[in-house]
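This report describes selected features of one structural model. The sequence and the structure are shown first.

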Amino acid sequence: MSAVLQDQDSLTRGVATTRALPGQEHLLTPAALAFLTDLHRTFEPRRQQRLEARRVRQAQFDAGTLPDFREDTAPIRAGDWRVAQIPNALLDRRVEITGPTDPKMVINALNSGANCYMADFEDSTAPTWDNLLTGQRALGKAVAGTLDWMAPDGSKHYVLKPFGEQAVLIVRPRGWHLDEKHVRVDGVPMSASLFDLGVFAFHNARALAAKDRGPYFYLPKLQSMEEAALWNDVLSHIESALGLPDGQMKVTVLIETLPAVFEMDEILHALRTRIAGLNCGRWDYIFSYLKTFRRHRDRVLPERAQVTMTQPFLKTYSELLIHTCHKRGAHAMGGMAAQIPISGDESANHRAMERVRADKVREVGAGHDGTWVAHPALIPLAREVFDTWMLGAHQQVVLRNDVRAKSDAELREALLKPSLGTITRAGFENNVEVCVRYLAAWLDGNGCVPIHWLMEDAATAEISRSQLWQWLHSDPPVFLDDGTPIDFTLLERALIGLPSKLADRMQLPGGERINEAIELLDSLTHADTLEDFLTLPAYARID
Ligand SMILES: CC(=O)SCCNC(=O)CCNC(=O)[C@H](O)C(C)(C)COP(=O)(O)OP(=O)(O)OC[C@H]1O[C@@H](n2cnc3c(N)ncnc32)[C@H](O)[C@@H]1OP(=O)(O)O
Ligand SMILES: O=CC(=O)O
Ligand SMILES: [Mg+2]
């Protein structure tokens with residue numbers, strides 16, 4: 001037996017998949033499992049350290065500490081350095097479509113005319129074993145150019161456009177906090193991040209590198225430069241294991257946690273040989289603001305609809321991101337407006353589209369190099385706005401030095417500034433409805449659904465869930481704008497009223513799991529501590 005095979009043999013000892021679906025063996029071959037085992041054994045201790053560091057930091061926030069720029073990394077912020085050159089395929093990213101990875105979505109997104117497609121195993125995917133394997137297979141076939149899909153009623157055959165006309169593929173694995181329970185190594189579940197990125201890279205990295213297409217990844221929910229350094233080491237390790245040049249795999253990091261906004265230079269620096277940009281993941285960012293300040297009565301946010309990008313803490317975050325990226329030669333990507341096309345009501349649709357347009361105008365005017373859309377029908381609108389305002393492939397010349405003219409202390413104050421606004425009964429009840437409907441869909445395997453014509457995914461639902469918890473546990477209490485105290489009686493009333501409000505519940509995504517979703521929301525809101533992520537307890541209930 002060759003040394004490599006012996007090595008593979010020892011690596012596959014100790015790894016087990018806990019479910020077997022038809023065809024899985026083509027994806028999780030012995031060589032692929034050996035590759036995943038090696039990733040797990042090399043990086044799992046560091047992942048656990050990083051998760052522990054998050055817990056320690058949150059305990060400090062709970063005790064009253066406020067996030068701040070780090071003293072120990074001041075030389076990185078003051079230093080004169082730039083990130084490595086951005087590859088040609090990622091130079092023009094003015095419109096990126098995002099979405100889950102089922103075969104039809106993948107084909108529609110790659111054919112959509114967007115510059116890039118972020119294939120999402122994260123916020124918009126419920127990570128059932130079937131979804132993950134189906135998604136990995138679809139992406140593998142897309143890379144090979146062989147993906148097609150027939151509508152179940154035979155009415156439409158979906159095929160890919162030629163490679164040169166497709167959107168550039170970028171894959172988003174799940175975040176560091178999640179386990180992949182279906183793959184256990186040495187008796188413990190492996191990291192979901194390492195599973196998603198590892199399986200995709202193992203099967204597709206060489207083919208993509210040969211086409212000068214990376215592979216490219218979006219990295220979610222980072223909280224510190226040490227987490228970025230961990231990703232950098234994982235990617236270097238994979239490059240070396242697959243025989244790829246160092247720095248071949250490029251990443252874009254989502255800045256979508258409050259702690260991370262204070263370490264954007266440091267995150268770029270930790271990944272400087274492979275980072276192409278940062279992105280404003282606004283929905284998780286709002287969730288992170290809520291979570292970071294879950295015990296801070298003076299920073300309670302108004303109802304979700306009032307927390308728009310013009311609130312000072314969000315405006316400052318996006319402008320500082322633009323300044324930081326452009327100073328370092330990276331792209332500053334915008335984010336996602338939640339409005340989607342409304343069919344059957346022209347004037348409501350017009351209003352929704354105008355809101356998307358205003359959001360994109362704000363982004364390009366502030367200096368972003370590109371933006372996200374949730375739906376193919378929004379691509380022409382976003383493209384028109386960026387084509388009109390942005391003269392080249394990007395606008396890195398827009399330095400936004402005005403943002404950095406402020407002192408660290410002033411910037412910090414703006415980044416943390418409490419928001420003005422109110423909480424209405426409708427806003428409270430909407431949070432309850434969104435949580436229940438989203439959780440029901442997620443438990444049923446659907447991670448992204450339209451609710452009241454807004455795109456709802458794990459990040460947007462987290463805002464609703466953490467707001468409810470914060471309002472209900474606030475001491476002194478929080479009140480609705482009509483003077484009603486927010487308490488568990490109010491929650492119970494909203495929950496009792498829900499089934500009649502959702503008269504057509506069986507027609508809704510996950511309708512059969514509404515009662516289970518209510519039960520889960522009830523336990524999440526009654527818990528003494530805000531659960532870190534709703535997907536953690538929900539994951540225990542799927543598959
Ligand atoms: C906070 C964040 O993390 S944002 C990133 C994560 N969120 C996302 O990626 C949002 C992805 N978007 C979606 O999943 C969907 O657009 C939804 C759920 C919001 C709306 O879905 P639907 O109501 O099914 O949309 P609709 O019926 O209008 O779809 C029309 C067509 O567009 C396609 N489509 C809709 N959204 C997408 C998309 N994001 N990518 C590719 N195709 C899409 C549908 O597949 C459908 O195709 P068909 O005509 O061939 O059947
Ligand atoms: O991932 C994006 C976000 O807004 O959250
Ligand atoms: Mg997010």
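The buried residues of helix α11 pack against α3 (30-62), α9 (258-261), β11 (275-280), α12 (312-328), β12 (331-336) and α18. Here two residues are in contact if their C-beta atoms, placed from the backbone, lie within 7 Å. Helices (H or I, at least four residues) and strands (E, at least two) are DSSP runs, numbered from the N terminus. The model is predicted: local features need pLDDT of at least 70 and side-chain atom pairs count only at pLDDT 80 or more, while totals for chains, interfaces and linings use all residues. Residues are numbered from 1 along each chain as its sequence is written, and chains are lettered from A and ligands numbered from 1 in the order in which they are written.

Helix α11 (residues 282-292) is largely enclosed by the rest of the structure, because eleven of its eleven residues are buried. A residue is buried if 20 or more other C-beta atoms lie within 10 Å of its own, exposed if 12 or fewer, and partly exposed in between, with C-beta atoms placed from the backbone. Among the buried residues of α11 are Arg-282, Trp-283 and Asp-284.

**Domains and ligand shell**

The domain assignment gives domain 1 (30-416) and domain 2 (425-539); such bounds come from an automatic or database domain assignment. The centres of the two domains, taken over C-alpha atoms, are separated by 26 Å. Contacts link 29 residues of domain 1 with 29 residues of domain 2. On the side of domain 1 that touches domain 2, α11 gives the most, with six residues. That side has 16 nonpolar, six polar and seven charged residues. In this classification Ala, Val, Leu, Ile, Met, Phe, Trp, Tyr, Cys and Pro count as nonpolar, Asp, Glu, Lys and Arg as charged, and the others, Gly among them, as polar.

Helix α11 also supplies the largest share of the shell around ligand 2, three residues. The residues around ligand 2 include Asp-123, Glu-256, Arg-282, Trp-283, Asp-284 and Ala-459; a residue is near a molecule if its C-beta atom, placed from the backbone, lies within 6 Å of it. By class, this shell has four nonpolar, two polar and four charged residues.

**Annotated positions**

An unreviewed UniProt entry carries the annotation "active site" for Arg-172 and Asp-457. They are spread over 286 residues of sequence but cluster in space, with a largest C-alpha distance of 14.4 Å. UniProt positions are given in the numbering used here, feature names are shortened, and annotations may be inferred rather than shown by experiment.

Arg-172 is found in strand β6 (residues 168-172) and is buried, because 23 other C-beta atoms lie within 10 Å. Asp-457 lies in the loop between β15 (454-456) and α18 (458-473) and is buried, with 27 other C-beta atoms within 10 Å. Leaving aside neighbours within four places in sequence, Asp-457 is in contact with Asp-123, Ser-124, Gly-447 and Cys-448.

**Backbone exceptions**

Most residues other than glycine have a negative phi, and most peptide bonds are trans.

| Site | Feature | Angle |
|---|---|---|
| Gly-214 to Pro-215 | cis peptide bond | omega near 15° |
| Asp-475 to Pro-476 | cis peptide bond | omega about 0° |
| Lys-221 | positive phi | phi about 55° |
| His-452 | positive phi | phi near 50° |

Lys-221 lies in the loop between β9 and α8 (225-242) and counts as buried, with 26 C-beta neighbours inside 10 Å. His-452 is placed in the loop between β14 (449-451) and β15 and counts as exposed, because it has 10 C-beta neighbours inside 10 Å.
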